[in-house]
Amino acid sequence: MKNPLILAAAACCLLAGCTAAPAPGALNDPRVDELMKKMTLEEKVGQLVLFTSDWSVTGPTMRQGYMDDIRAGRCGNIFNAYTAEYTRKLQEIAVNETRLGIPLLFGYDVIHGFRTIFPINLGMSASWDGQAIEESARIAAREAAAAGLHWTYSPMCDICVEPRWGRISEGSGEDPYLGSVISAAMTRGYQGTDLSDPATILACVKHFAAYGAPQAGRDYNTVDMSERWFREFYLPPYKAAVDAGALSVMASFNELDGVPATANSFLLKDILRGEWGFKGFVVSDYTGINEMVCHGTAADEAEAGMQAINAGMDMDMQSAAYFNYLKEQVESGKVSMKTLDESVRRVLNVKAALGLFDDPYKYCSPELEASETLTDGNKAFARKFASDCMVLLSNDGVLPLQKGEKIAVIGALAASKDDLLGSWRGAGEVRSVPASILDAICELNGPANVLYAEGCKETGEDRSGFGAALAVARRASKVVLVIGEDCQWTGEAASRSDIRIPGVQSELLGKLAALGKPVAVVLLNGRPLDLSAEVEQAGAILEAWYPGTMGGFAVADVLFGDVNPGGKLSVTFPRNLGQVPVYHYAKNTGRPYVHPEAKYESRYLDVPNEPLFAFGHGLSYTRFDYSDVRLSASSFGGDGNITAECTVTNSGGRAGSETVQLYIRDLVGSVTRPVKQLKGFKKIYLEPGQSQTVSFTIDAETLSFYRRDMSYGPESGDFKVFIGGASDDVREASFRYEE
Ligand code: BGC
């Protein structure tokens, strides 16, 4: 059958009776209303169904026969299928073989790059560089769109203070302010300014909401917190992405206040559509709807589906609850036609905004796929960006290495190309990785100056390689030990109950350190680890995360000082698991720990309260000195503002970047306030000897929070302002605000 939709467009235009498509993003495309008049109940339901193809598996069950479902008009959306060729094949079925020819929407998890893989998101956030993050999303969008994709399940906006949770690696860390900057940047990068541009893709804000706070860090586990805490610390990054124009949102697997997010009308209706005015559509997470039977809030899948759509869930990912039961539920009046129509209209309007009603194949271009993918430009960006995401946690001077010195490289991870890509690597392939860390060190230092021994694997008890590792270390002047976690130990369904470095890797570090050789540790991992033991033994620790396609070179660039590391932690690294949760916006309590010998104060007997590495921490090969904080006035009121500034001087011998951070404390509030809370930052780049004054504007918004009556705004009183290079390394000043 010919596609009536396209014929209509060509005939200008039968469906809408109009001459031109409305501006993309208007979300009230007249062609949608015309189309809906023609749709059967079954076809409408089909637009709310999302099934996975068999290309890639990202969840527990797989429905067979998705091509037949497309052909029957019963499945309007597909995920986990890509390449221009394959998506065209499926699109042709939808366009040519269904009654109305409504194009499919193709989704995929493009999380930290599509073909060119960038550092995992936790690493990206350590760059504190919104522009670079936006650019990485733009590159990912171009590569993905050229492979036929319209829609990514990103940005992941889940604030997390729980290192046991494997998915902490997919987010931007612990802070709502930084997280909001990043989620907005990613949304802009994916969607651009025109969603119908075939170089852009639809963003999906996930996982709505508070998925990053599972009890005990176990994936999918219960989430419960006060509404005040939820609104202040967890909601902002989702909202920032919606405000930046994201037109889809994914509900999370977890419950919140006893109601699974999948059918939580407080989240999906009151907050998302009511308070925020969200106009796009909401999709469930993978089988999220039928999981409500296990949650125990629905007796069976039919009831789960009904609860979901009535709560504002537009699209069913992979549950088949809408596919199997929704038609009958509308016929019997359990779900109103109005509810169904609203959801269908949202989905179709987003398809229209993507330009799919103008040209359903505009995203399937083998030519673009060849020219946009893994370009030299993309790879060059990935290399520089990856090195800018690395955090130098400690350094006694062993780094940077001198080129030409004899280096022993040790560790299974040093030779692994696969682990560089991390989990959720999109369509990134190991064969596209030009160099492992070992390869890159050989290339930069000359193979004759590099000795390698595996030493041990990331996991297991096998110490048989220790002897060879110690032997190469003895022959070298310095040791680079690459250790951490297998990349599949982070990401979804990868929670750990122990956040120390696994296996016998630390034991090997101890033996190498005992030789008296300077040892630089490079970490590949996706969560804050307990590094208390390693800090004592390593001369330097470079947190490289999983740095992506060009990660081998990026690590070597930093090790040899070709790039001066400037990353700062976006999440606190605890001393041990017992300190968790530990984060920079902690409150004072009624018994703050201030007297060293005190018993009845809020403290541990066995470790200090302070974490091992604070939020915002990150060293450089140069040194940055901060002046005192200067305020433009000692008070302000109403809608006014003041400026707080510091002069930062590069007093070391190398050029480098520094992220200057602004924190605020409200001394007396109607509810308790954090002792320090991030409210701004600026990243600067200074040549040796150069100084720059960095200023921040503080206004009522900076001071606002959810007051005792849950209204949002500032309160009169005294405040402290802190500026520095880490949350535990700041200068302070005081001011007063009058409402
Ligand atoms: C994950 C989502 C992902 C989806 C589709 C789920 O298991 O929680 O983050 O987008 O699968 O692959």
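Visitor: How many residue pairs are in polar contact between domain 1 and domain 2?

Guide: This is a predicted model, in which local features need pLDDT of at least 70 and side-chain atom pairs count only at pLDDT 80 or more, while totals for chains, interfaces and linings use all residues. Residues are numbered from 1 along each chain as its sequence is written, and side-chain values use heavy atoms, with hydrogens and water left out. A polar contact is a pair of N or O atoms within 3.5 Å; within protein, one must be able to donate a hydrogen and the other to accept it, and residues adjacent in sequence count only if both atoms are side-chain atoms. Between domain 1 and domain 2, with both residues at pLDDT 80 or more, the count is 4.

Visitor: What area is buried between domain 1 and domain 2?

Guide: The domain assignment, automatic or from a database, gives domain 1 as 384–579 and domain 2 as 624–738. Buried area is the accessible area (1.4 Å probe) that two parts lose on being put together, summed over both. Carbon and sulfur atoms give 36% of the area between these domains, and the total is about 530 Å².

Visitor: Which residues in domain 1 lose the most area to domain 2?

Guide: Together they account for 74% of what the domain 1 side buries. They are Asn-564, Gly-566 and Lys-568.

Visitor: Which side chain meets Lys-568 in a salt bridge?

Guide: A salt bridge is a side-chain nitrogen of Lys or Arg within 4 Å of a carboxyl oxygen of Asp or Glu. The count between domain 1 and domain 2 is 1 salt bridge. For Lys-568 the N to O distance is 3.0 Å, and the partner is Glu-658.

Visitor: Which residues is Val-668 in contact with, leaving aside its neighbours within four places in sequence?

Guide: Val-668 counts as exposed because its relative accessibility is 63%. Its C-alpha atom is separated by 7.1 Å from that of Asp-718, 50 residues apart along the chain. Taking contact as heavy atoms within 4.5 Å, and leaving those neighbours aside, the partners of Val-668 are Glu-715 and Asp-718.

Methods:
Buried means under 20% relative accessible area, exposed over 50%, partly exposed in between (1.4 Å probe, protein chains only).
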